[in-house]
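Hello,

Here is the structure I promised to hand over. Please have a look at it first; my notes follow below.

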Amino acid sequence: DDPTLGTVHGPQLAGFQGYACASCHVWNGKLLGSPDPVATGPDLTRTAGRLRRDWFDRYLESPMRLHPGTPMPDVFPHGKPAPLRTVLDGDPARQKDALWAYFAKGKDAPS
């Protein structure tokens with residue numbers, strides 16, 4: 001419910017100092033990292049238009065369960081604290097909220 005959650009914490013979580021989502025995923029039509037071509041993820045600025053929120057949350061807990069063979073790592077293993085404990089007190093639910101809010105801004109999200 002915090003309107004600043006995505007803009008304040010989203011870039012840090014998705015960026016290279018956080019979970020480094022941008023190292024493998026396309027961002028606003030551009031590759032910011034140099035992933036293996038078979039490991040390039042879809043454009044994160046299109047996430048909210050492509051996925052349901054509940055699927056997004058489950059996927060981040062166990063990508064292999066929902067998409068066998070994916071190179072995507074478990075970001076928030078179910079029932080465990082977030083690996084990045086310095087952001088939002090390491091609360092995985094709040095971090096997922098921040099990432100979703102950030103990605104939901106689409107092409108208007110700050111890079």
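Is Trp 27 buried or exposed? Trp 27 counts as buried, because its relative accessibility is 8%. Please keep in mind throughout that this is a predicted model.

**Aromatic pairs**

Let me stay with the rings. A pair of aromatic rings is described by the distance of the centres and the angle of the planes. The count here comes to 7 aromatic pairs. One of them joins Trp 27 and Tyr 102. Their ring centres are 5.1 Å apart and their planes stand at 20 degrees, so this pair is stacked. The two residues come from distant parts of the chain. Trp 27 belongs to strand β1 (residues 26–27), while Tyr 102 belongs to helix α5, and 75 residues separate them. Tyr 102 is buried too, with a relative accessible area of 3%.

Next, look at Phe 56 and Phe 103. They form an edge-to-face pair, with 6.2 Å from centre to centre and 90 degrees between the planes. Phe 56 sits in helix α3 (residues 53–61) and Phe 103 in helix α5, so the pair ties together parts that lie 47 residues apart in sequence. What about their burial? Phe 56 has a relative accessible area of 5%, so this residue is buried. Phe 103 counts as buried as well, at 4% relative accessibility.

Trp 27, Phe 56, Trp 100, Tyr 102 and Phe 103 make up one aromatic cluster.

Phe 56 leads on to the rest of its helix. Which residues of α3 are buried? They are Phe 56, Asp 57, Tyr 59, Leu 60 and Glu 61. The buried residues of α3 pack against α2, α4 and α5.

On the α5 side, go to Lys 96. Lys 96 is part of helix α5. Is this lysine buried or exposed? Its relative accessible area is 8%, under the 20% limit, so Lys 96 is buried. The Lys 96 side chain makes a polar contact of 2.9 Å with the side chain of Glu 61. Setting aside neighbours within four places in sequence, Lys 96 is in contact with Arg 53, Phe 56, Asp 57, Leu 60, Glu 61 and Phe 76.

**The loops around α4**

Now the loops. Ser 62 is in the loop between α3 and α4. Ser 62 is buried, with a relative accessible area of 19%.

Thr 70 is in the loop between α4 (63–66) and α5 (92–104). Thr 70 has a relative accessible area of 12%, so this residue is buried. Which side chain does the side chain of Thr 70 meet in a polar contact? That partner is Tyr 59, at 3.3 Å. Not counting residues up to four places away in sequence, Thr 70 touches Tyr 59, Pro 63 and Met 64.

Val 75 lies in the loop between α4 and α5. Val 75 counts as buried, at 10% relative accessibility. Leaving aside neighbours within four places in sequence, its contacts are Tyr 19, Leu 60 and Pro 83. Val 75 and Ser 62 are 13 residues apart in sequence, with their C-alpha atoms 7.7 Å apart. Val 75 and Val 38 are 37 residues apart along the chain, and 19 Å separates their C-alpha atoms.

**The largest pocket**

Last, the empty space. Rolling a probe the size of a water molecule over the atoms shows where such space is left. The largest pocket has a volume of about 620 Å³. Its lining has 30 residues, and the closest to its centre are His 25, Gly 41, Pro 42, Tyr 59 and Met 72. Which elements give two or more residues to this lining? They are α2 (47–50), α3 and α5. The largest share, 4 residues, comes from α3. By class, the lining has 20 nonpolar, 7 polar and 3 charged residues.

Tyr 59 is among the buried residues of α3. Its side chain makes the polar contact with Thr 70. Tyr 59 is also one of the residues closest to the centre of the largest pocket.

Best wishes

Definitions and conventions:
Residues numbered from 1 in each chain as written. Predicted model: local features only at pLDDT ≥ 70, side-chain atom pairs only at ≥ 80, totals over all residues. Heavy atoms only, no water. Buried < 20%, exposed > 50% of the residue type's maximum accessible area, 1.4 Å probe, protein only. Polar contact = N/O pair within 3.5 Å; in protein donor to acceptor, adjacent residues only side chain to side chain. Contact = heavy atoms within 4.5 Å. Phe/Tyr/Trp six-rings, centres within 6.5 Å; stacked < 30°, edge-to-face > 60°. 1 Å grid on protein atoms, 1.4 Å probe; cavity = no way out; pocket = protein on both sides within 12 Å on 5 of 7 lines; lining within 4 Å. Points joined across faces, edges and corners; volume = space filled by probe spheres on them. Nonpolar A, V, L, I, M, F, W, Y, C, P; charged D, E, K, R; others polar.
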